[in-house]
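This report covers helix packing and surface pockets. Please keep the model in view while reading.

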Amino acid sequence: MKIARQLKDSNIVEYVLYMWQLEDTLRAYHCDAERVASDYVARFAYPPAELQAEAEWLGHLCRMMREEQVAESGHLRINQGTVALMHDLHLQLLGSDRQPDYAAAYARALPFIVELRSRNGHTHMSETENCLELLYGIIVLRMQKREVSPETAVAVTHVSRLMALLADAWHKERTGELEL
């Protein structure tokens, strides 16, 4: 909860990737709130009150995952909603004459997005979700200490730049600084 709150305020892309990683972590514990508290949260170097709050929050997420039937795969509605809002902003940025840097980054990333969509068959997803999936896949590969091909590394560079600009625009929108 503590990390999620900090990321949500500072970088929405990192927040979504963190929440997706958290969903996978909870799946590893079979969405068992007691196991999450005793085997996962107990390892955190937090004061007791923060440990309890973290365990309660993660227990709530476990319940939500079971209720929303995403205990084995998929994403919580709250995370899906955040991605949908990010995609709405993405479309607004593309439609704005005041965001040429975003449009240029999108143009550089688009061939990789198209290839990604055709390769993984996730054409039903928004481009924003496809980009997030690529970045999350890289996180998983790195955690597994697996190599990333040079071609994929180039794609990640362009997609990361686009997502960084989207995260910056998200923050500016929230603080009233974004000009569309």
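The model is predicted, so local features need pLDDT of at least 70 and side-chain atom pairs count only at pLDDT 80 or more, while totals for chains, interfaces and linings use all residues. Residues are numbered from 1 along each chain as its sequence is written, and side-chain values use heavy atoms, with hydrogens and water left out.

**Helix packing**

Helix α2 (residues 12-28) packs on helix α4 (residues 48-67) at an angle of about 80 degrees, with the axes 11 Å apart. That makes α2 roughly perpendicular to α4 (angles of 65 to 115 degrees count as such). Helices are DSSP runs of H or I, at least four residues, numbered from the N terminus. Axes are lines fitted to C-alpha atoms over the stretch in contact, and angles run from 0 to 180 degrees between N-to-C directions.

On the α2 side, the contact uses M19, L22, E23, L26 and R27. W57, L58, L61, C62 and M65 answer from α4. Contact means heavy atoms within 4.5 Å. By class, this contact has eight nonpolar, no polar and two charged residues.

Helix α6 (residues 100-120) and helix α8 (residues 150-174) cross at roughly 145 degrees, and their axes come within 9 Å. The crossing of α6 past α8 is left-handed (the near helix is turned anticlockwise from the far one by less than a right angle). From α6, the contact residues include Y102, A105, A109 and F112; among their counterparts in α8 are V154, A155, L162 and L165. This contact divides into twelve nonpolar, one polar and three charged residues.

**Pockets**

A pocket is an open set of points on a 1 Å grid where a 1.4 Å probe fits, with protein on both sides within 12 Å along at least five of seven lines; lining residues have an atom within 4 Å of a point. A volume is the space filled by probe spheres set on the points.

| Pocket | Volume | Lining by class |
|---|---|---|
| Largest | about 270 Å³ | five nonpolar, two polar, three charged |

Which residues line the largest pocket? They are F112, E115, L116, R119, N120, L134, E151, T152, A155 and V159. Helices α6 and α8 each give two or more residues. The largest share, five residues, comes from α6.

The second largest pocket is lined by 13 residues. Q99, D101, L165, D168 and K172 lie nearest its centre. Here α8 gives the largest share of the lining, five residues.

Key: Angles under 35 degrees count as roughly parallel, over 145 as roughly antiparallel, 65 to 115 as roughly perpendicular and the rest as oblique. Ala, Val, Leu, Ile, Met, Phe, Trp, Tyr, Cys and Pro count as nonpolar, Asp, Glu, Lys and Arg as charged, and the others, Gly among them, as polar.
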